[in-house]
Amino acid sequence: METGANRSNNENCNIYKDSSWFSQFRNASNPWMARYVYALLFLVANLLAWAARDFGHGALIEMKRLKGCDGGKDCLGAEGVLRVSLGCFIFYIMMFSSAAGTSKLNEARDKWHSGWWSIKIVLWVVMTIIPFLLPSKVIQLYGEIAHFGAGVFLLIQLISIISFVTWLNDCCVSEKNAERCQIHVMLFATTAYVICLVGIILMFIWYSPQPSCLLNIFFITWTLVLLQLMTSVSLHPKVNAGILTPGLMGLYVVFLCWCAIRSEPPGDSCIRKSDSATKTDWLSIISFIVGILAIVIATFSTGIDSKCFQFRKDDTPAEDDVPYGYGFFHFVFATGAMYFAMLLIGWNSHHAMRKWTIDVGWTSTWVRIVNEWLAVCVYLWMLVAPVIWKSRHDDST
């Protein structure tokens, strides 16, 4: 029996290595191919949610179950987003329940994760339709829960980004690559800081043209302070984390600050885009498409980064180990379904969103700002915590 199992395992690995991508997809032997299909389904769900929000009012008005919506004429669009999001969430939670704990490529759950696409596509369609038959109160309850789920997604994404920045810095400063990467580290760090400073200056010019724009001035100035704080802590002799990680984290927090200010609703003289806010132009359409793709890419890249959440890391995985955590992958997509719903409705189910817009509203602005501040806090804690633990350990001995 053991010999037969080993033979089956070896055949599976050979298919995974030597076959064409189509054969691997058909034989459910390549989980790397499977993740693209899941990402495609997730993208389709995003597009359906957008269609339900911007164009679904006329189609959904005929459904008597949705006439009890409490948010006025625009609540149907928001409810349409939540219904599509709920169906997507249920699908990925079911996949999470059925694939969590898979460790080997030759397991039945590995075949289920990487194959059986006809059944799973039918299941995805059914899960998308069922929420449209549920009463409005259930959807509103899901909308409240989705706030928490979207926050979990942002936290996972934040830890994943910080983990990547730390990993990149460790690779560059390791004994093997220290001399070879020294110039590259200085070049990347300098470029990062220059981009950060240019971004801050441009935000001052574009989003605080008047002294009365106190909130935007506070956001941008505080971002500059946080950049200086991260650099100072990282270069402290007791921390000595280098200059690359605060530079890369600076890019991230400056980007979050820009996204926060861009999420402010139009009509304010501090936002230059307010002059053309009443009409949809090609720039708005491109920004919306980029925003949708960014959601999918962020979910996709975070979903395969389960190793940053492992306390015990195996440096020498076996040949037949799964390449990423299937359960974590589907869990990230499930929370990502809640996240894209919040972006499309501006984190408020009673908030009217203009067509071809995404993540607009004061709630969205403050979510971005809090995410920026939280990112800095988590990064600083990752720098300071080893020093504190070492100091306590020295005191105890």
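**Salt bridges and a helix pair**

Modeller: Let's start with Arg-109, which is partly exposed, at a relative accessible area of 33%. Keep in mind that this is a predicted model.

Colleague: Which side chain does Arg-109 meet in a salt bridge?

Modeller: The general idea comes first: side chains of opposite charge can pair when their charged atoms come close. Here, Arg-109 pairs with Glu-107, with 3.2 Å from N to O.

Colleague: How many salt bridges does a search of the whole structure find?

Modeller: Two. Glu-79 and Arg-83 also form a salt bridge, at 3.0 Å, N to O. They sit four residues apart in helix H5 (residues 75-99), so about one helical turn separates them.

Colleague: Is Glu-79 buried or exposed?

Modeller: Buried counts as under 20% relative accessible area, and Glu-79 has 0%, so it counts as buried. Arg-83 is buried too, with 0%.

Colleague: Now the helices. How do I read a packed pair?

Modeller: You describe two packed helices by the angle between their axes and the distance between the axes. Take H8 (residues 136-173) and H13 (residues 326-344): their axes come within 7 Å and cross at roughly 120°. The two helices are therefore oblique to each other, and their crossing is left-handed.

Colleague: Which residues make the contact?

Modeller: On H8 they include Tyr-142, Ala-146, Phe-153 and Ile-156, and on H13 they include Phe-328, Phe-331, Gly-336 and Met-342. Sorted by class, the contact has 14 nonpolar, five polar and no charged residues.

How values were computed. Residues numbered from 1 in each chain as written. Predicted model: local features only at pLDDT ≥ 70, side-chain atom pairs only at ≥ 80, totals over all residues. Heavy atoms only, no water. Axes fitted to C-alpha atoms, helices over the stretch in contact; angles between N-to-C directions. Parallel < 35°, antiparallel > 145°, perpendicular 65-115°, else oblique. Left-handed = near helix turned anticlockwise from the far one by under 90°. Contact = heavy atoms within 4.5 Å. Nonpolar A, V, L, I, M, F, W, Y, C, P; charged D, E, K, R; others polar. Salt bridge = Lys/Arg side-chain N within 4 Å of Asp/Glu carboxyl O. Buried < 20%, exposed > 50% of the residue type's maximum accessible area, 1.4 Å probe, protein only.
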